[in-house]
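Subject: Structure handover

Hello,

Here is the structure I said I would pass on. My notes follow below it.

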Amino acid sequence: MTAAGLEAHVAVRRSDAFRLDASVSIPPGTTAALLGPNGSGKSTMVAALAGLLPLQSGSITLDGEVFDDPGAGVFMPPEMRKVGVVFQDLLLFEHLDVIDNVAFGLRSRGAGRGEAASRSGLWLERLGVGAMARRKPGDLSGGQAQRVALARALATEPALLLLDEPLSALDVAARADLRRTLGEHLSGFAGPRLLITHDPTEAFLLADEIHVIEEGVITQSGTADEIRLQPRTRYAADLAGLNFVKGVARDGAVDAGTHTLRVADRDLEGPVVVTVHPAAISVYSDRPGGSPRNVWQTTVERVEQVGSRVRLLTGPPLPLAVEVTDAARAELRLEPGARVWVALKATEIRVQPEAAM
Amino acid sequence: MTSSRSPRPPVLLVVLGCLGLVFFAVPFIGLLGRVPWSDLPALLSGPVVGDALRISVIASVAAAAIALVIGVPLAWLLARAEFPGKPIVRGIVILPMVLPPVVSGAALLFALGRRGLVGEPLEEATGLLLPFSLWGVVVAAVFVATPFLVITVEGALRSMDRRREGAAATLGARPWTVLRRVTLPAIAPSVLAGLALTWARAFGEFGATITFAGNLQGRTQSLPLAVFVALESDRDTAIAISLVMVVVSVAVLVALRDRWWGAL
């Protein structure tokens with residue numbers, strides 16, 4: 001089998017408490033994102049793919065070449081793998097000039113001094129930091145250092161590109177700027193690319209396929225729209241800003257323990273996850289007119305201003321986030337402690353079988 | 001009331017600290033007070049002082065160089081390699097640092113002397129006899145001083161951020177290239193600090209040298225040995241040599257102070 005692209009099943013135990021067991025498959029010329037909270041195993045994945053951490057089981061194959069396969073006794077050391085990595089803390093060589101940082105990989109792979117210098121200079125120009133060539137990494141701004149790290153990773157013309165939280169160290173303005181640069185260079189890179197991030201915006205904007213990873217396990221894979229509209233875990237729902245409720249479906253109703261929701265899908269049975277957009281929920285001061293809707297009385301527990309919108313957190317029987325306008329807040333006197341009625345159309349409730357984990 | 005001054009230190013600490021300072025300063029003041037300044041050129045230009053200075057400089061510099069060549073690899077093995085009996089190996093390497101130097105000298109004599117375990121075959125094979133030769137002075141200094149380099153460099157290797165070595169490997173650098181271009185530059189300040197400590201220990205070495213290499217003027221008599229001999233017979237010369245050693249040591253300390261304070 002000589003499938004092009006990256007085929008990886010990574011199983012590593014780092015301690016009794018933490019185990020990474022995740023599979024990703026990335027075709028050439030596409031970007032996958034590994035999206036997850038801190039400590040979910042994202043950086044462990046980078047270390048395994050780069051060869052800095054041997055697998056305990058599973059296998060890693062790039063374009064048909066086996067990187068790691070403990071079952072077959074194969075392990076290719078990192079210096080033999082053609083993998084470009086932008087590390088989370090960049091890990092630039094502080095004692096070398098910027099241009100020597102970029103030339104390091106070329107020199108290590110046998111390029112002559114002059115050739116390495118001219119090619120490195122070219123990469124620095126491409127990333128807009130050509131003027132920094134003779135500076136030390138410590139004298140660069142965050143955005144400049146990030147560009148140098150990207151140039152260093154790309155200069156060896158690797159077959160696989162790994163980006164570990166490439167924008168997390170930057171302020172908001174520099175982040176948007178560099179995200180654009182990153183997007184351009186990702187689309188110009190022919191091999192598979194893996195973006196590691198905890199920022200859904202980054203993943204949604206840059207990746208073709210997103211893998212949500214939690215506690216060392218991939219809990220959902222799909223396009224940005226699939227993750228955004230149909231999150232399968234509470235973490236993914238939080239990322240998308242959706243309400244997330246677990247329950248058991250039966251006869252067009254979902255029993256969420258403290259409350260039962262009527263839903264449009266009558267065929268689903270068994271454990272399900274329910275997601276509801278906060279703006280799909282309506283708020284009234286009196287019980288709204290009868291209709292086949294979900295209506296219940298609750299208490300406003302918290303009120304937060306989010307831009308021109310207001311976000312309410314409601315209390316029992318079913319705690320939910322609700323989004324209303326400023327005008328509605330004033331009209332209904334929505335303050336903590338207020339008793340209100342909420343209504344929710346069955347068609348606004350998205351129900352899916354609980355992810356098999 | 002607002003005050004931007006740092007808080008007043010506890011009186012007891014100030015008193016004890018000053019006491020410590022006095023304790024360290026008084027011997028130097030005593031030494032400087034006894035220096036026969038006008039006779040100094042005559043005292044220092046004699047053959048005894050010249051020979052001892054030559055031997056001390058050659059032996060301490062050679063010992064520091066040899067310590068560098070064998071000490072850095074030892075430190076790397078202790079910090080990075082996994083092998084059985086590692087605590088014992090570390091104990092053996094560090095032992096000369098805590099052992100009385102005279103005992104180190106005696107041990108060297110039994111091993112490398114004319115009748116020694118290694119000394120006898122060595123002499124038969126090469127004709128080289130370590131005791132009572134300049135090589136003996138160097139060997140004694142290497143033996144007692146190298147541990148300072150090993151523990152300094154081992155500590156630096158353990159505390160350095162190893163992720164940069166990993167980054168270098170992903171860029172295609174083989175282990176030797178990683179060592180040369182990433183690891184050694186990262187620990188360079190500590191290597192230099194360890195080297196300074198090692199040189200200083202070798203420069204001041206007395207016990208192991210006199211036991212193993214003897215006290216032959218012009219062959220093995222280094223400055224500390226010359227001071228010891230002169231104290232018995234010619235106090236002014238002893239003071240003059242001591243002054244030379246203080247000046248050389250302070251000069252090295254000053255020359256290295258930025259790196260030194262940075263790494264220790």
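How many residues lie between β1(A) and β2(A) in the hairpin that they form? There are five. Please keep in mind that this is a predicted model.

The hairpin in chain A

β1 of chain A covers residues 6–13, and β2 of chain A covers residues 19–26. The two strands run antiparallel and are joined by eight bridges. Within this pairing, A:Val10 is placed opposite A:Ala22 of β2(A).

In a regular strand, side chains alternate between the two faces of the sheet. β2(A) has one covered face, made of A:Leu20, A:Ala22, A:Val24 and A:Ile26. Its uncovered face holds A:Arg19, A:Asp21, A:Ser23 and A:Ser25.

Where the chains meet

Contacts between the chains involve 14 residues of chain B and 15 residues of chain A. On the chain B side, α8 (163–170) and α9 (175–203) supply at least two residues each. The largest share comes from α8(B), with seven residues. By type, the chain B residues that touch chain A are seven nonpolar, four polar and three charged.

Regards

Note on methods: Residues are numbered from 1 along each chain as its sequence is written. Chains are lettered from A and ligands numbered from 1 in the order in which they are written. This is a predicted model: local features need pLDDT of at least 70, side-chain atom pairs count only at pLDDT 80 or more; totals for chains, interfaces and linings use all residues. Two residues are in contact if their C-beta atoms, placed from the backbone, lie within 7 Å. Helices (H or I, at least four residues) and strands (E, at least two) are DSSP runs, numbered from the N terminus. Ala, Val, Leu, Ile, Met, Phe, Trp, Tyr, Cys and Pro count as nonpolar, Asp, Glu, Lys and Arg as charged, and the others, Gly among them, as polar. A residue is buried if 20 or more other C-beta atoms lie within 10 Å of its own, exposed if 12 or fewer, and partly exposed in between; C-beta atoms are placed from the backbone. Two strands pair if DSSP finds at least two bridges between them.
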